[in-house]
Each structure stands twice: as C-alpha cells, then as structure tokens.
Amino acid sequence: MKSKTTDMVFEGLLRIADDNLILGHRTSEWCGHAPTLEEDLALPNIALDLIGHAQALYCLACEIDTRYENEDQLAFLRLEHEYKNLLLVEQENGDFGNTVLRLFYFSTFMKYFWGEVKLKCCFKKLKEFSEKAFLETSYHSKYASQWVITLGDGTDESNLKMSNAIANLEPFLGELFNNDDFTEMCSQNDFLPKPTSIFDSWKNEVEAILQKGHLDFPDITLKKRGGRKGEHSETFGYLLSDLQYMQRAYPNSSW
Amino acid sequence: MDKSTEEAWDALKDLTDPELPFLTLDDLGVIREIKRNDETHVVTISPTYIGCPAISVIEEKIVSELKKLGIAAIIEKSFSPPWSSDWISENGRKKMEEFGISPPHPKDAESFSRSPAKAVKCPQCTSYKTEKVSEFGSTACKSLYRCLDCKEPFDHFKCV
C-alpha cells in the first residue's frame, strides 16, 4: 500500500474505532446503575460490543501502521488531542433517556455506515468486518429505538425527559454528518462512505421512531465540532483519566 | 487433507466453549477451516460476536491443544461470511435445550430479523406461551425470556 493510502486508512480506522471505544466506555459506566436488572445486562453487553468493535479496528490499524505495536497502545496510551472521536460520544451519559437516545442516534448511523462499507470498500479486511458489524449495530439500534418510543410515549415526565435529551444532544449531531477534506478523500478512494450520503436514510428512520414517541426531530444545523480534529470537551479529560488509569499506573499490565 | 491437518481437526473436535461449557466449538460451528502452511497450521475461526470475551480463551485453548500434538498453530478471525446461528449443529441445539436454553430458530433467508416472530419454546415445560423480557441475556449471544405457563425465566439463543 502506498504511504498516502496507508495514512488515509489509518486515520479512517482510528476515527471509527475511537467513536466506538469512547461510547463503549460511557455505556459501561451504567454497569451496576441501570434502572432494572435487565437493562443492567443489556447496557454492559452493548458496551462490550462497542469496545469489541474498537479493538478489532485498532488491530487493523496496527497491521497497516507499525508505529503502534498493539491495540492497547492506541486505546490507552495516546494523548487527548490524538483521539479523533465525535464530541457526541464523549458527552456525559445524563439520565437513562439521554443515554438510550444517543445510542439510538449513533447505532442507527453506524448501521447505515456499515451497510455502505459492505457494498463498497477498497480495504478488504474492513469490508469483511462490516458484514458482522452491520448485524450488531442493527441490533443496538433496534434495542435503543424501543426505549425511545417507550419513554417518549410513556408518562408526561418521561416524555419531558426525552424532549430534554433531544435538546441536549442536538448541538452534536452536525458533526456526525460533517464532510471534511478527509471524508471527501475517503469517499473518492472508495474507502469509506461520505457521512452526508447516509443522512437521508438516518433521518427517515430517526424521524419515524421519534414520531412514535411524540417527539420532535432535532435541529441538525447546529454544529458543535472539533472531535475529529482532536479538540475535545472538558469532560473528555476526566473520561480518559479513568479509561487510561491502569495502563498509566502499571505499564504493559495484562490479564 | 494431510495427516496432521486431520489430526488437528480430531484434536479440536471436543474443545468446549468457555461460556457454554456443555457445547463444543464444533457444535457451535466456530472453527471454520484448518490449513497447513509449511510448518504452521492456520486455524480460521468465526467469532459469534465481534466483542465476545470468550474469543481470546478459545484462541488459547486451540493453540495449546494443538501444541500437545506438536503442531504450531496461528489463529485467524474471519467475519465474512459472518457467523450464523444456523451453523449450530442439531446435536448442539438438543444440548442447549437440555441445559435450559432455548435454541435459535433457523434464520429466515428472505426477511432478516433478529427478533423472530416465531414463538419461542420454553425449555422447561415446552410451552409456546412465552414472552421476551429483554433483548439481552447473560451473554451477548442470548436474550431473556419468561414462560407464561410455568413462570420460569430462561435464555433464548439469538437468531443471527
């Protein structure tokens, strides 16, 4: 592979892997705190899936860029500005409604994203991976959508909390669909789909689910962004100190 | 198939799954291929789930089992085609039921759906009057059900 292509593939894998790792970490914070025992099983299971996706993608990244020996170095030993995840996934969980709404937004996006990669991707190993990832993110999207409907269509209070969650996450959706020079290059090289190309399918599905929950579709023209360039929210530093603690305190420790 | 590859298949036949110890990897259809590559054997496995925590244990088990035969093995993970619950053997399904887990339905090739419309049978009393409690059970590969007749909760292996 030419070095320019290598850089592109590495950066592209990193973006998706970081999104999954950070949302996986946030989701895992629910372990032991979920409102019912069933949800306490569901959320850590989803966190495990997300972290599993991140691990597999970091492994692919290490294969093509030998600066990093293994996936742990990428997950645990980078500095804050080296993480390329969306601001959306690093925000604090908030209440259960806010957590499932974000999961619904993200997993629905990823479902269509992997659906596109499955059809067209110049990197064979990622194309193969997407077949499996598509199935798993579809399941997450379905799980989360059921809660969005249940809570939106529940009591006045649960509906109010979901409306608050929509307002709370609204500013971060623009970044999810933001095209930049990099996404442009990825799409021209048939590596990754342009985020904007997924928007219509995403919107149709999200709108239909929100409608069932008597909730309004968010304004996605607001664009709080920076995550893709390594500029993160204040809360991200606290998240990393938790995520990286073991590897920083006991370098190279393993199970 | 050369002799050592045959021996390798034979040796791995009885290895069990760490999370479902009454099932062998063979029952689950996790081991897809064993290929001799000069001095090493490449064992291709299809993880049931990408993030399945049992995978690293499975890899270690395979490598150490083959080492006993003097066979050096490396593991390759394959996601294409993705592992399917249709790959679980008849025998595996029977064992699942015996251990109180309702086995997955055969996947409907025409309409892909993870929550089967088909009724799920209670593995305790065989009633079909059951309901889903949660999309997720004790592991990623199972969802949680309860029987409306005998009232027992049980795991249902997801159809994927």
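Lys151(B) is exposed, with 10 other C-beta atoms within 10 Å; here a residue counts as exposed if 12 or fewer other C-beta atoms, placed from the backbone, lie within 10 Å of its own, as buried if there are 20 or more, and as partly exposed in between. The model is predicted, so local features need pLDDT of at least 70 and side-chain atom pairs count only at pLDDT 80 or more, whereas totals for chains, interfaces and linings use all residues. Residues are numbered from 1 along each chain as its sequence is written, and chains are lettered from A in the order in which they are written.

Lys151(B) sits in the loop between strands S6 (142-147) and S7 (153-157) of chain B (helices, H or I, of at least four residues and strands, E, of at least two are DSSP runs numbered from the N terminus). Its phi is positive, near 70°, although the residue is not a glycine. Asp38(B), in the loop between strands S1 (31-37) and S2 (40-45) of chain B, likewise has a positive phi, near 55°, and is exposed, with 6 other C-beta atoms within 10 Å. Another backbone feature of chain B is the cis peptide bond from Ser80(B) to Pro81(B), with omega near -5°; Pro81(B) belongs to the loop between strand S3 (72-77) and helix H4 (90-98). For context, most residues other than glycine have a negative phi, and most peptide bonds are trans.

Turning to chain A, helix H10 (residues 195-212) has 18 residues and spans 26 Å from its first C-alpha to its last, close to the expected 26 Å (1.5 Å times one less than the number of residues). Ile198(A) and Trp202(A) are both in contact with Phe109(A) (C-beta atoms, placed from the backbone, within 7 Å).

The two chains also meet: 20 residues of chain A are in contact with 18 residues of chain B. On the chain A side, helices H2 (37-64) and H6 are the elements that give two or more residues. That side divides into 10 nonpolar, three polar and seven charged residues, with Ala, Val, Leu, Ile, Met, Phe, Trp, Tyr, Cys and Pro counted as nonpolar, Asp, Glu, Lys and Arg as charged, and the others, Gly among them, as polar.

Note on methods: Lists of a residue's contacts leave out its neighbours within four places in sequence.
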